[in-house]
Amino acid sequence: MAVRALYDANVLYSRTTRDWVLMLQMKTSGLMFVGCWTEDIMAELVYNLRRAHPQWDGAVIATLRGKIEKVLEGGRIEDYDCTLPYEGEDPHDRHVHAAAVAGRVGVLVTDDAALLALGADASTPYDAMSVDDFLVLIAEGAPEAVAAVTEEQLEHAVAHGRDPDLASRLEAAGCQTFGAHVRTVLQRLALRP
């Protein structure tokens, strides 16, 4: 049975982590995990993308958001009680915790240190994992999917004149362990006849 995963805005904001998480979601067809989202997380994502890219046309952001929603098969978590007990350090993360509880997610994927600490508490009904740890978990459970996505990412980078060093991009995005794994996959691809 697939585990429900809720992705924090910081995971979806980084193009590198967003691409890996969403492409692996599609490759595994929800067999390992099923991603879900909330309006609050999407609002935070859109706000931060707009701040970082004021020159983007509205269609760029709308298209990106639509693609994310389409891939996250677990759908939108619509109703969550933000008055439930919350022991996190940042009150602005309360909505993420509330959505994880209401959505009965098995894992909250975030790079927010306070949410990671909160999700490590035995009293939360979900686990919190960094995106690096989450991607490593997928690599262990679905190595063929990671190899396929690595190959697709490499072909895309080469076709679009981008740096094909996928591992370095992952490491720069905070995914050192998964980046090292992808480096090994790339080496194996290079040795293929």
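By class, 2 nonpolar, 2 polar and 4 charged residues form the lining of the largest cavity, where Ala, Val, Leu, Ile, Met, Phe, Trp, Tyr, Cys and Pro count as nonpolar, Asp, Glu, Lys and Arg as charged, and the others, Gly among them, as polar. The model is predicted: local features need pLDDT of at least 70, side-chain atom pairs count only at pLDDT 80 or more, and totals for chains, interfaces and linings use all residues. Residues are numbered from 1 along each chain as its sequence is written, and side-chain values use heavy atoms, with hydrogens and water left out.

The lining of the largest cavity consists of Arg15, Thr16, Asp19, Trp20, Gln153, Arg162, Leu166 and Arg169. Helix H2 (15-28) and helix H9 (166-172) are the elements that give two or more residues to this lining, and H2 gives the most, with 4 residues. The volume of the largest cavity is about 90 Å³, and the structure holds 1 cavity of 30 Å³ or more. On a 1 Å grid over the protein atoms alone, a cavity is a set of points where a 1.4 Å probe fits but cannot get out, and a pocket is an open set with protein on both sides within 12 Å along at least five of seven lines; lining residues have an atom within 4 Å of a point.

The largest pocket contains about 520 Å³ of space. Its lining comprises 15 residues, of which Arg15, Arg18, Asp19, Leu64 and Lys67 lie nearest the centre. At least two lining residues each come from H2, helix H4 (58-71) and helix H8 (143-159); H2 gives the most, with 6 residues. The lining of the largest pocket divides into 7 nonpolar, 3 polar and 5 charged residues.

The protein chain has 10 helices and 5 strands, assigned as DSSP runs (helices: H or I, at least four residues; strands: E, at least two) and numbered from the N terminus. The C-alpha trace spans about 60 × 40 × 25 Å along its principal axes. Of the 193 residues, 44% count as buried.

Ala180 lies in helix H10 (residues 176-191). With a relative accessible area of 39%, Ala180 is partly exposed, a class between buried (under 20%) and exposed (over 50%), for a 1.4 Å probe and protein chains only. A C-alpha separation of 8.6 Å relates Ala180 to Ser168, 12 residues apart along the chain.

Notes: Points joined across faces, edges and corners; volume = space filled by probe spheres on them.
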